[in-house]
Amino acid sequence: MKLNYKELGDGGQPLIILHGLFGSSDNWMTIGRKLSEKFKVYLVDQRNHGDSPHDETHNYEVMAADLEEFIESNNIENPHVIGHSMGGKTAMYFAVQHPDLYDKLVVVDIAPKAYPVHHDSILEGLCSLKLDELESRGDADKKLSEYVPEKGVRQFLLKNLTRNENKEFEWKINLPVLEKNIEVVGKGLEKRLTTEKDVLFIGGKNSKYIQSEDHIAINNFFPNARIKMVEGAGHWIHAEKPEEFLTLIEDFLR
């Protein structure tokens, strides 16, 4: 699949960034611009997200293959890879299958384990929006608030709402496919695969995605992994604690 992407920076080692579920490359533009001072940054929309193509298949095997194709079709040599949440799972699947195609890996607030479905209210809220009846984005926000009380989360989700050439609202994400495959998104890595390449895991101390008991699983897949937990940060560490996040990234990738 030919993925949509944005390219930042004129030189330096290539650095690919993969967003999480319901996200897009735009979520990483601020961090990408800072990192582009030292790296050639590629902000990638994963399948069924952003401006990348939609497809009925949505699992980590095909998303890892998408990443492989992206690297090879763009002649990217020895890139670092950063993945957040779902993007971190994609990056991990890719890393253990193709250790020869990248340099260092950074996984943001996700572990290689399986997670139970926990986006029920978000999906219910998104699916409840009747796009042909919406008059404004404010109208969408009001209706979504019945399912998602956190304003910041609603703002993040509604970045996926756009207007077509007829000024009608439509989703940029492939909502039906994501809903159908939501259990697949929580899938863990296969235990038979591992790599000894350098990996940095960055977790938010206020997030529940990486717990102390997950360190064993992390080191089983990535024996040379480092794990750093950021104080005062939740799941969106790069947005909540950008300076601390960038310091950890730059120290690891130097």
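Guide: Two strands pair if DSSP finds at least two bridges between them. Strands (E, at least two residues) and helices (H or I, at least four) are DSSP runs, numbered from the N terminus. Here five bridges join strand S2 (residues 14–18) to strand S3 (residues 40–44), and the two run parallel. Within this pair, Leu18 stands opposite Val44 in S3.

Visitor: What kind of model is this, and how are residues numbered?

Guide: The model is predicted: local features need pLDDT of at least 70 and side-chain atom pairs count only at pLDDT 80 or more, while totals for chains, interfaces and linings use all residues. Residues are numbered from 1 along each chain as its sequence is written, and side-chain values use heavy atoms, with hydrogens and water left out.

Visitor: In what order do the strands of the open sheet stand?

Guide: Seven strands form the open sheet, in the order S1-S3-S2-S4-S5-S8-S9, with mixed pairing. Strand S1 (5–8) and S9 are the edge strands; each has a single partner strand, so one side of each has no neighbour in the sheet.

Visitor: Which strands are joined to S8, and by how many bridges?

Guide: On one side, four bridges join strand S5 (residues 105–108) to S8, and these strands run parallel. There, Val106 is opposite Leu200 in S8. S8 is also joined to strand S9 (residues 225–230), by six bridges and again in parallel. Leu200 stands opposite Arg226 in S9. From S8 the chain passes through helix H9 (residues 214–221) to S9, a right-handed β-α-β crossover (the path from first strand over helix to second runs clockwise when the strands point away from the viewer).

Visitor: Why is S8 largely enclosed by the rest of the structure?

Guide: In a regular strand, side chains alternate between the two faces of the sheet. In S8, Val199, Phe201 and Gly203 point one way, Leu200, Ile202 and Gly204 the other, and all are buried (under 20% relative accessible area with a 1.4 Å probe, protein chains only; exposed is over 50%, partly exposed in between). Because six of the six residues of S8 (residues 199–204) are buried, the strand is largely enclosed by the rest of the structure.

Visitor: What is the volume of the largest pocket, and which residues are closest to its centre?

Guide: Rolling a probe the size of a water molecule over the atoms shows where empty space is left. On a 1 Å grid over the protein atoms alone, a pocket is an open set of points with protein on both sides within 12 Å along at least five of seven lines; a cavity is a set where a 1.4 Å probe fits but cannot get out; lining residues have an atom within 4 Å of a point. Points are joined across faces, edges and corners, and a volume is the space filled by probe spheres set on them.

Guide: The largest pocket has a volume of about 860 Å³. It is lined by 45 residues, of which Leu21, His84, Phe156, His235 and Trp236 are closest to its centre. Helix H6 (151–157) is one of the helices that each supply at least two lining residues, and H6 gives the most, with four. By class, the lining has 24 nonpolar, 16 polar and five charged residues (Ala, Val, Leu, Ile, Met, Phe, Trp, Tyr, Cys and Pro are nonpolar; Asp, Glu, Lys and Arg charged; the others, Gly among them, polar).

Visitor: Where does His235 lie, and is His235 buried or exposed?

Guide: His235 is in the loop between S9 and H10. At 11% relative accessibility, His235 counts as buried. Lys208 is 27 residues from His235 in sequence, and their C-alpha atoms are 8.0 Å apart.

Visitor: How many cavities of 30 Å³ or more are there?

Guide: A search of the whole structure finds one. The largest cavity holds about 40 Å³ of space. Leu3, Leu18, Gln46, Arg47, Met63, Asp66, Leu67 and Thr90 line the largest cavity. Helix H2 (residues 60–73) contributes the most to this lining, with three residues.
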